[in-house]
Amino acid sequence: WYQRRVRGDRSLFVRRQINRNSGHQHDNMPRPTGGFLERLDQGPVIGDGGFVFALEKRGYVEAGPWTPQSVIEHPEAVKQLHREFVRAGADVCQAFTFYASEDKLKNRGNEAGAKHGVRAINDEACKIVKEISYPEGGLVAGGLSQTPTYITTKNKEKVKAEVKKQIEVFKEHNVDLMICEYYEHVEEAEWHVEAVKEFWPEVPVCASLSINEDTDVHGVPTGACGVKLAAAGADVVGINCHFDPFRCLAATKKIIKAVKAAGYDNVHYMIQPMIFMTPDANVHGLIALPEYPLALEPRICTRIEIQKYAREAYEAGIRFIGGCCGFEPYHIRAISEELAQERDWEPEFLIRWGHFLSKSNQLWLRDQATREYWENLVPGTGRPFSASSSKPKLNGL
């Protein structure tokens, strides 16, 4: 079957179909598209994963500042990561503009602001993501995140003025949606949503908080935070970062319940958690754990856990499903595989709950080629004396 994609003066017909007998695609044509909110009305939309952690591990981002000047200094590295997320099944690719506000680019000795500037970094990020996403039928998101200006001034107009420098670039590139993400304080998230709506009222706006299932860092209940974002004008609300997929699910479910009870019937829901398990994290999440950021690998979710997360998110009514820090392309591929029937599209080289192991020469591996085996597996860490949890730091921001 066919659907038409229209983006400005560009249009094309794209085809996709899963062979109902084999489960494989007939071809590798681009996935069908449409407007972002239209897609959410039709079914699940898959986001991409985390850029700052992935590129830091590859040597292209500095841990600490976490700013995205690599879009200028190492553009091919950024392009390749976009390519891998698209191939894994991401429908929405986010411009790598995390922490790309001017105040953050100049914060605490960071030279990115003086060397490149807010406009150049955001502009190059948009050019790169459009080059990779659009030919594959994907959508492009501009991204805003929390600013040092909020922490230091608590001044609404100054915060809005800071993020409008970025919004101006996203508007010039006519991105398909805006994602306002990574806020520990719901108040700043509200201001950012308002700034987008004031400066560019027609663009769909997603807003997600980096908070737990109880409150933001100021004690505002999680459900109430979701209502505040909807009231500010967000089209999609939810949770991202700081906590693992299952704690983020618990938080998003509270937001869904509260937003629906408040009468916002047209709001959609999103989730983009960290890949690291954080049952022991306090209100500040992963960043307050002693392993952050250089010894987190033992906490990484398995792809089997990510398939469970994707299914639970979908069944909870969440339709924009992706990942944040630590999510690699293979994790996004696990989401795509789990929701293949709902999307009528699937990635190549499916794991199919280890079905490929049936071809192994080893008998014990052939015995592991079942869904039951992998769903019931409790993975070990390989560290006989490792702790299952840590003690979070409590020294605040």
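## Report on a predicted 397-residue protein model

Buried residues, meaning those under 20% relative accessible area with a 1.4 Å probe and protein chains only (exposed is over 50%, partly exposed in between), make up 56% of the 397 residues in the protein. This is a predicted model, in which local features need pLDDT of at least 70 and side-chain atom pairs count only at pLDDT 80 or more, while totals for chains, interfaces and linings use all residues. Residues are numbered from 1 along each chain as its sequence is written, and side-chain values use heavy atoms, with hydrogens and water left out.

### Overall form

The protein has 17 helices and ten strands, these being DSSP runs numbered from the N terminus (helices H or I of at least four residues, strands E of at least two). Its radius of gyration is 20 Å, close to the 21 Å that the globule rule gives for 397 residues, so the protein is as compact as a globular protein of that length; the radius is taken over C-alpha atoms, and the rule is 2.2 Å times the number of residues to the power 0.38. Along its principal axes the C-alpha trace spans about 65 × 60 × 45 Å. With contact meaning heavy atoms within 4.5 Å, residues 24 or more positions apart account for 75% of the contacts with a separation of 6 or more.

### The sheet and its helices

Eight strands form an open sheet with parallel pairing, in the order S3-S10-S9-S8-S7-S6-S5-S4, where two strands pair if DSSP finds at least two bridges between them. Strands S3 (45-46) and S4 (92-94) stand at the edges with a single partner strand each, so one side of each is left without a neighbour in the sheet. Two helices pack on the sheet, and their directions are compared with that of S5 in the table below; axes are lines fitted to C-alpha atoms, for helices over the stretch in contact, and angles run from 0 to 180 degrees between N-to-C directions.

| Helix | Strands touched | Angle with S5 |
|---|---|---|
| H7 (residues 118-133) | S4 and S5 (139-144) | about 155° |
| H9 (residues 156-173) | S5 and S6 (177-180) | about 165° |

Strand S8 (residues 236-240) has five of its five residues buried, so it is largely enclosed by the rest of the structure. Val 236, Gly 238 and Asn 240 point one way from S8, whereas Val 237 and Ile 239 point the other way. Four bridges join S8 to strand S7 (residues 205-209), the two running parallel, and Cys 206 stands opposite Val 236 in S8. Strand S9 (residues 268-272) is joined by two bridges to strand S10 (residues 320-321), again in parallel, and the bridge partner of Ile 271 in S10 is Ile 321.

### Helix H13 and its surroundings

Helix H13 (residues 303-315) has 13 residues and reaches 18 Å from its first C-alpha to its last, close to the 18 Å expected at 1.5 Å a residue, the expected span being 1.5 Å times one less than the number of residues. Its buried residues are Ile 304, Ile 306, Gln 307, Tyr 309, Ala 310 and Ala 313, and what covers them includes helix H12 (245-261), S9, S10, helix H14 (329-338) and helix H17 (371-376). Ala 313 has a relative accessibility of 0% and, leaving aside its neighbours within four places in sequence, is in contact with Leu 249, Ile 271, Ile 318 and Ile 321. H13 is followed by Gly 317, whose phi is positive, near 95°.

### Cysteines and loop residues

A search of the whole structure finds zero disulfides, a disulfide being a pair of cysteine sulfur atoms within 2.5 Å. For Cys 180, which is buried at a relative accessible area of 0%, the nearest cysteine sulfur is that of Cys 206, 8.3 Å away. For Cys 241, the nearest cysteine sulfur is that of Cys 324, 3.6 Å away. Cys 241 is buried at 2% relative accessibility, is placed in the loop between S8 and H12, and has a positive phi of about 65° although it is not a glycine.

Arg 108, in the loop between helix H5 (102-105) and helix H6 (112-115), also has a positive phi, near 50°, but is exposed, with a relative accessible area of 81%. Pro 293 lies in the loop between S9 and H13, and the peptide bond from Tyr 292 to Pro 293 is cis, with omega near -5°. Glu 328, in the loop between S10 and H14, is buried, with a relative accessible area of 14%, and touches Ala 54, Arg 58 and Phe 85, not counting residues up to four places away in sequence.
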